[in-house]
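Reader: I'd like to go through this one term by term. Can you tie each label to its cut-off as we go?

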Amino acid sequence: MDITLEVIPLPVTDIDRARDFYRDKVGFHVDIDQEVMPGMRIVQLTPPGSGCSIALGDSLWEMTPGPTPAPGSYQGLQLCVADIKAAHAEFVARGLDISEPVQYAPDDGATFMHFQDPDGNGWAVQEYRRRATEPLHELLANQKRQRES
């Protein structure tokens, strides 16, 4: 059985402000921005090349059991890029307030930069150079083919 992580609901105070931030400053694609049922608006955004999206909604938390997370309470969300210097330059050009990349070790996967959304949800951006030649969706498809053969 394959199980995929495809949507992460993200707690925010202002859906339009968050949508504009993730679209304009971070470069996510707006997949959905509509009232999906009476009284429930959903905005779903996906990073370019990703199979996982974030969802913003005004009634989203009412449909899930458990406590409602506070806007800004999510920390450690992580994006990966193949070239962190190029990504940093693009983010800065978009007006994103993002830290300088820090290399913790020379190994692939050991360089990070960080930003927060307008509510304070915290993100890390990790350089994973291997993704330039081995996109994740291709690796997963190859692994699945190998398991099936």
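Reader: Why is Arg-19 called buried?

Author: Arg-19 has 15% relative accessibility, and buried means under 20% relative accessible area, with exposed over 50% and partly exposed in between (1.4 Å probe, protein chains only). So Arg-19 counts as buried. Before we go on: this is a predicted model, where local features need pLDDT of at least 70, side-chain atom pairs count only at pLDDT 80 or more, and totals for chains, interfaces and linings use all residues. Residues are numbered from 1 along each chain as its sequence is written, and side-chain values use heavy atoms, with hydrogens and water left out.

Reader: What does Arg-19 touch?

Author: Leaving aside residues up to four places away in sequence, Arg-19 touches Val-30, Asp-33, Arg-41, Val-43, Leu-45 and Leu-56. Contact here means heavy atoms within 4.5 Å.

Reader: Where does Arg-19 sit, and which other residues of that element are buried?

Author: Arg-19 is in helix 1, which spans residues 15-25. Helices (H or I, at least four residues) and strands (E, at least two) are DSSP runs, numbered from the N terminus. Ile-15, Ala-18, Phe-21 and Tyr-22 are buried there along with Arg-19.

Reader: What happens at the start of helix 1, and what comes just after helix 1?

Author: At the start, a side-chain oxygen of Asp-14 comes to within 3.1 Å of the backbone nitrogen of Asp-16. Just after helix 1, Gly-27 has a positive phi of about 90 degrees.

Reader: What makes strand 1 and strand 2 edge strands?

Author: Start with the sheet: it is open, has four strands in the order 1-4-3-2, and its pairing is mixed. Strand 1 (7-9) and strand 2 each have a single partner strand, so one side of each is left without a neighbour in the sheet. Two strands pair if DSSP finds at least two bridges between them. Strand 1 and strand 4 have three bridges, in the parallel sense, and Ile-8 stands opposite Ile-54 in strand 4. Helix 1 packs on this sheet, touching strand 2, strand 3 and strand 4, and its direction makes about 15 degrees with that of strand 3. Axes are lines fitted to C-alpha atoms, for helices over the stretch in contact, and angles run from 0 to 180 degrees between N-to-C directions.

Reader: How do you know that strand 8 is largely enclosed?

Author: Six of its six residues are buried, so strand 8 is largely enclosed by the rest of the structure. Gly-122, Ala-124 and Gln-126 are buried on one side, and Trp-123, Val-125 and Glu-127 on the other.

Reader: Which strands are joined to strand 8?

Author: Strand 5 (residues 77-81) runs parallel to strand 8, joined by five bridges, while strand 7 runs antiparallel to strand 8, joined by six. Trp-123 stands opposite Leu-77 and is also the bridge partner of Phe-115.

Reader: Are Arg-17 and Asp-119 buried or partly exposed?

Author: Arg-17 has a relative accessible area of 35%, so Arg-17 is partly exposed. Asp-119, at 18% relative accessibility, counts as buried.

Reader: How many salt bridges does the structure hold?

Author: Ten. Among them is Arg-129 with Glu-127, at 3.2 Å between the closest N and O atoms. Salt bridges that share partners also join Asp-16, Arg-19, Asp-20, Arg-23, Asp-24, Asp-33 and Arg-41 into one network.

Note on methods: Polar contact = N/O pair within 3.5 Å; in protein donor to acceptor, adjacent residues only side chain to side chain. Salt bridge = Lys/Arg side-chain N within 4 Å of Asp/Glu carboxyl O.
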